[in-house]
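Hello,

Here is the structure I promised to pass on. Please have a look, then read my notes below.

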Amino acid sequence: MSWQPTATMDALARRAQMIQQVRAFFAARSVLEVDVPVIGRATVTDLNLDSLCVTHAVGSAGSTLSGYLQTSPEFFMKRLLAAGSGDIYYLGKAFRADESGRIHNPEFTMLEWYRCAMDDRALSDEVVSLCRAIQPSVDVVVTEYGAVFEQHTGLNPHTCSTETLADYARAHLGVDWFDEPRGLWLDLLFTHCVEPQLGDGLVVIRDFPACQCALARVVPDETGVPVARRFEVYWGGIELANGYWELVDAQEQRARFMQDNNARVAQGKPEIALDNDFLAALDAGLPECAGVALGVDRLLMCASGCSQIGEVMSFHGTSRCD
């Protein structure tokens, strides 16, 4: 690897300007910037996210302390919300293992914010407003997960059977998997059959299948079908942001964490200890709110028309052992 930066000085100047625009956007809306730890005792149970663990020796007795580089500031931010912070945002580093490539880096810059008394619809509109503050000419399309999935596969993701999804994947993608959970088939078909068709502009996709609820609440849509009130925002087919009308039920959250761990064990992944401080904050009472996480490096990449995330990062691909 060369010692030289992967981004040009002009690109880094644009990055600095965009960061200023982001902070001005939230200042105009009286949203408080907060700083939270990037190392925590606990981490996410999400099957699709792997955390980086850090360990160091303490004292002369040979004991060690260990923790996780956070994949997101979410748990700490929700503790602040439960403590009465009001609207908040975080702009800083996050870390995810085994993520490196054209649009990935293990260490990246995340923008995450929470708006009290907002739902996912209002928050997705705010994400669009932020993107237009960075690139005013970007085209925007808003659609539902079910509609765009059916458009490109002919399948209704909310009502068709898991076996139908699996058969379609085997026929069109050449996979030979069996007995996989419904969410995996949906993810596979969405990434391979839908994402490549999303076009060059900004696409907001909302009302996900209930099995993909993550930390979002599940409610019936206008036809009575249970949907997860979450949304994702894509720019040029690249996933940019992921948001939720946040779940505030502590008991339901515990159950979902346990389901995650069961799925992790089934796939040979380590079980993750639950974040009891976060769960205690939910017990104390999380206000009605919506939250979203947005990849800052990807935002600048898309707004600048770059093809590689390294073009907008000072140093890309350095988080590795040689």
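Start with helix α1, where Ala11, Arg14, Arg15, Met18 and Ile19 meet Val296, Asp297, Leu299, Leu300 and Ser304 of α9. Six residues of this contact are nonpolar, one is polar and three are charged. Bear in mind that the model is predicted.

How do the two helices lie? The axes of α1 (residues 9-28) and α9 (residues 296-304) come within 11 Å and cross at roughly 115°. Angles of 65 to 115 degrees count as roughly perpendicular, so α1 and α9 are roughly perpendicular to each other. The crossing of α1 past α9 is right-handed.

Next, α1 and α3. Helix α3 covers residues 120-134, and its axis and that of α1 come within 10 Å, crossing at roughly 140°. That makes the pair oblique. Here too the crossing is right-handed. From α1, the residues in contact are Met18, Gln21, Val22 and Phe25. They meet Glu126, Ser129, Leu130, Ala133 and Ile134 in α3. This contact has six nonpolar residues, two polar and one charged.

Now the second largest pocket. It holds about 230 Å³ of space. Which residues lie nearest its centre? They are Gly40, Arg41, Ala42, Asp275 and Asp277, out of 15 lining residues. The lining divides into seven nonpolar, four polar and four charged residues. β2 (39-40), α2 (74-82) and α8 (276-284) each supply at least two of the lining residues.

Best wishes

Note on methods. Residues numbered from 1 in each chain as written. Predicted model: local features only at pLDDT ≥ 70, side-chain atom pairs only at ≥ 80, totals over all residues. Heavy atoms only, no water. 1 Å grid on protein atoms, 1.4 Å probe; cavity = no way out; pocket = protein on both sides within 12 Å on 5 of 7 lines; lining within 4 Å. Points joined across faces, edges and corners; volume = space filled by probe spheres on them. Helix = DSSP H or I, 4+ residues; strand = E, 2+ residues; numbered from the N terminus. Nonpolar A, V, L, I, M, F, W, Y, C, P; charged D, E, K, R; others polar. Axes fitted to C-alpha atoms, helices over the stretch in contact; angles between N-to-C directions. Parallel < 35°, antiparallel > 145°, perpendicular 65-115°, else oblique. Left-handed = near helix turned anticlockwise from the far one by under 90°. Contact = heavy atoms within 4.5 Å.
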